[in-house]
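Hello,

Here is the structure I promised. Please have a look, then read my notes below.

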Amino acid sequence: MMNLLVTLDSNYVMPLTALLRSIMKSNPDSEFTIYIAHSSLTEQDFEKINASVDLSRTEICPIVIFGEMMADAPVLKRITRETYYRLLAHEYLPESVERVLYIDPDTVVIKPLDELYNIDFGDNVIAGSTHVFSIVRRFNLKRLSLPFSARYLNAGVLMMNIEKMRTMYSSEDIFEFIRLNSNDLLLGDQDVINALYGRLSIALKPQLYNCDEKICRRYRLKEKDVRRDTVIVHFNGSKKPWKEEKYKGILKPFWDEANCN
């Protein structure tokens with residue numbers, strides 16, 4: 001049984017259904033518990049979500065984030081209340097959950113997730129891929145006071161060691177960190193995740209587990225390369241294939257296939 005976590009509002013229900021269909025197709029023998037953290041999804045939204053999975057091997061578990069959970073959360077320009085849903089996963093997920101794959105709804109899965117899900121954390125807290133290199137990487141590490149040996153990970157796809165996270169930071173600790181460092185948090189909760197856990201992280205190959213158009217260009221990937229090797233495709237950034245009629249890039253076919261299944 002694999003535990004998955006997504007966080008969203010109604011604007012991302014349609015992309016989420018494509019993601020879930022892709023997971024079902026690429027993992028035909030696996031069982032899932034999918035936690036959906038939200039504050040505004042409707043019964044109609046969940047009807048669409050349930051229709052996109054095989055309910056004989058998938059349990060959909062809505063988690064409603066109530067206002068009182070966020071009462072003390074500092075809301076900044078780059079950090080909305082919804083931002084905290086990913087940061088506080090270790091507080092609202094059931095005690096039985098020891099690990100979870102957090103995945104953005106603007107992704108599709110095209111190969112089995114077993115190897116990623118069963119990663120050996122060792123003493124680490126998160127595993128993910130970086131989308132920044134060279135000068136940008138060094139800049140991010142410096143502004144977050146991280147050692148050069150740390151990673152700066154994209155937070156769109158993260159294996160999270162929930163069991164260990166529970167021993168490290170409470171919601172109050174996280175809120176206080178944000179208050180004290182608000183001027184340096186240029187990329188919202190992604191910065192917070194890296195600042196708190198970057199020293200205890202595992203770097204995964206982005207071309208395998210978080211492949212977006214930027215990574216395709218960096219590694220000179222063609223569609224055939226993605227089909228052969230990639231597990232998770234990420235439609236990162238402002239341009240989305242379900243919004244852009246003239247979406248440019250090599251990853252569009254993977255969205256079309258997930259959306260049509």
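Numbering starts from 1 along each chain as its sequence is written, and side-chain values use heavy atoms, without hydrogens or water.

Confidence: pLDDT (the predictor's confidence in each residue, 0 to 100) averages 88 over the chain. At least 70 is reached by 85% of the residues. Helix H6 (residues 134–143) is lowest, at a mean of 63. Helix H5 (residues 114–117) is highest, at 98. Where pLDDT is low, the predicted coordinates should not be read in detail.

Helix contact: the axes of H1 (residues 13–26) and H13 (residues 252–260) come within 8 Å and cross at roughly 85°. H1 and H13 are therefore roughly perpendicular (65 to 115 degrees). Contact (heavy atoms within 4.5 Å) involves Met14, Pro15, Ala18, Arg21 and Ser22 of H1, and Trp255, Ala258 and Asn259 of H13.

Aromatics: the whole structure holds five aromatic pairs (ring centres within 6.5 Å; planes under 30 degrees apart are stacked, over 60 edge-to-face, the rest tilted). Tyr169 and Tyr197 have ring centres 5.7 Å apart and planes at 65°, so they are edge-to-face. Tyr169 is partly exposed, at 25% relative accessible area; Tyr197 is buried, at 2% (buried is under 20%, exposed over 50%, partly exposed in between; 1.4 Å probe, protein chains only). Trp242 and Trp255 form a tilted pair, 4.9 Å centre to centre with 45° between planes. Ring pairs also link Tyr12, Phe235, Trp242, Tyr247 and Trp255 into a cluster.

Best wishes

Key
Predicted model: local features only at pLDDT ≥ 70, side-chain atom pairs only at ≥ 80, totals over all residues. Axes fitted to C-alpha atoms, helices over the stretch in contact; angles between N-to-C directions. Helix = DSSP H or I, 4+ residues; strand = E, 2+ residues; numbered from the N terminus. Parallel < 35°, antiparallel > 145°, perpendicular 65-115°, else oblique. Phe/Tyr/Trp six-rings, centres within 6.5 Å; stacked < 30°, edge-to-face > 60°.
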